[in-house]
Amino acid sequence: MAIRIGLIGAGVMGAEHARILTTALSGVQLSAVSDPDAERVARIVETCQGARGFADPVELIRDITVDAVIVASPDQTHCNLVLACLDIEKPVLCEKPLSPSVEECLTVIGREQALARRIVTVGYMRRFDPGYIEMKQRLDQGELGAALVMHCIHRNVAAPSFTTAQMLITNSAVHEIDIARFVLSQEVSQVSVLTPRKSRLSNVQDPQIMLLEMDDGVVVDAEIFVNAQYGYDVSAELVCEKGTIALHPPNDVRWKHSARESYALPSDWRARFTLAYRAELQAWVDALPRGAGVGASAWDGYVATAVATAALKSLASGRPTEVKLASRPALYG
Ligand code: ISE
């Protein structure tokens, strides 16, 4: 029988999860959708046969027709919804961040630890991107020697008008924090945020350069530029002792004209990470009957928020900020 998923949040990412669940996955069905905006709910319900709309997200979580939950609502609602899932031990895939608050992340970890099994997955989908996976595998094989430096680029076309300087870190750079930890298998010991000349096309400090110093001395630099205008552009290059590993995001079609060769850039993350989102959801769904944890854990969600919080301090002070983490519970390996 298909696993029945309840979706909380019908905005950009909620709608994308609904689309992937209903068009690209097997063994799964969307049974419930909740969002304060009834029109958004209706739009998803119309295209997903058998799905029901819920006004109250907690009612959706508790409904017997929902086997597992996806949380894609605004960031500050994540913690309470995840806790409601933990209350009844219902598996949940929560979009990043687990919570913008370190204390809330620790509360989630405490509750999950008390259950002694992983119930929470955090949607850091780059861990399922074929490019980053190969980067990690090639590094781990050892042929290129030790990692020294990781260069990251994270550019969005244009940020929404409500974007603040802090959101470049909490909304965008958290992905670099998570993927650097994933690829390098190291924790961050110190973070600095540099503020280059500001783009006149942005209302806030944009771009920003985030520097992560990892436990083993690797330095990660990440350019975060959310009003880059020309396209959505996320890439990375890992410099090792005997070579480099660079991502070249997939571009199926190139055209040649007027002495130029061109290819299209995506306009946002949904197209760039389409394979990653699909693989993440399928892996999560496949693991549900086994009760196994896949993808980023609540611990990973906590660490990303803790490093982002230190980065916010550095943005405010202009100085490097040390990252101090809680001790890692045995549940998270
Ligand atoms: C957005 O919220 C995402 O999560 C995207 O993956 C990221 O690239 C973008 O910068 C964020 O705004």
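A polar contact is a pair of N or O atoms within 3.5 Å; within protein, one atom must be able to donate a hydrogen and the other to accept it, and residues adjacent in sequence count only if both atoms are side-chain atoms. Keep that in mind for the first stop.

The model is predicted, so local features need pLDDT of at least 70 and side-chain atom pairs count only at pLDDT 80 or more, while totals for chains, interfaces and linings use all residues. Residues are numbered from 1 along each chain as its sequence is written, and side-chain values use heavy atoms, with hydrogens and water left out.

**Stop 1: the ligand**

Select the ligand. Show the residues around it, those with a heavy atom within 4 Å: Lys96, Met125, His154, Asn156, Asn171, Ser172, His175, Tyr232 and Trp269.

Now pick Tyr232. A polar atom of its side chain lies 2.4 Å from a ligand oxygen. His175 has a polar side-chain atom 2.9 Å from an oxygen of the ligand. For Asn156, a side-chain N or O atom is 2.9 Å from a ligand oxygen. Of the 300 Å² of accessible area that the ligand has on its own, the protein covers 90% (Shrake-Rupley method, 1.4 Å probe).

Colour helix α7, residues 167-184. This helix gives the largest share of the shell, three residues. Helices (H or I, at least four residues) and strands (E, at least two) are DSSP runs, numbered from the N terminus.

**Stop 2: the second largest pocket**

Select His248, Pro249, Pro250, Asn251 and Arg272. Of the 33 lining residues, these lie nearest the centre of the second largest pocket. Its volume is about 650 Å³. A pocket is an open set of points on a 1 Å grid over the protein atoms alone, where a 1.4 Å probe fits, with protein on both sides within 12 Å along at least five of seven lines; lining residues have an atom within 4 Å of a point. The volume is the space filled by probe spheres set on the points, which are joined across faces, edges and corners.

Which element gives the largest share of this lining? Strand β11 does, with five residues.

**Stop 3: strand β7**

Select residues 147-155, strand β7. Two strands pair if DSSP finds at least two bridges between them. β7 and β11 run antiparallel, joined by eight bridges. Find Ala147: Cys240 in β11 stands opposite.

Then show β10, residues 219-225. β7 pairs with β10 in the parallel sense, over seven bridges. Here Met150 stands opposite Val220.
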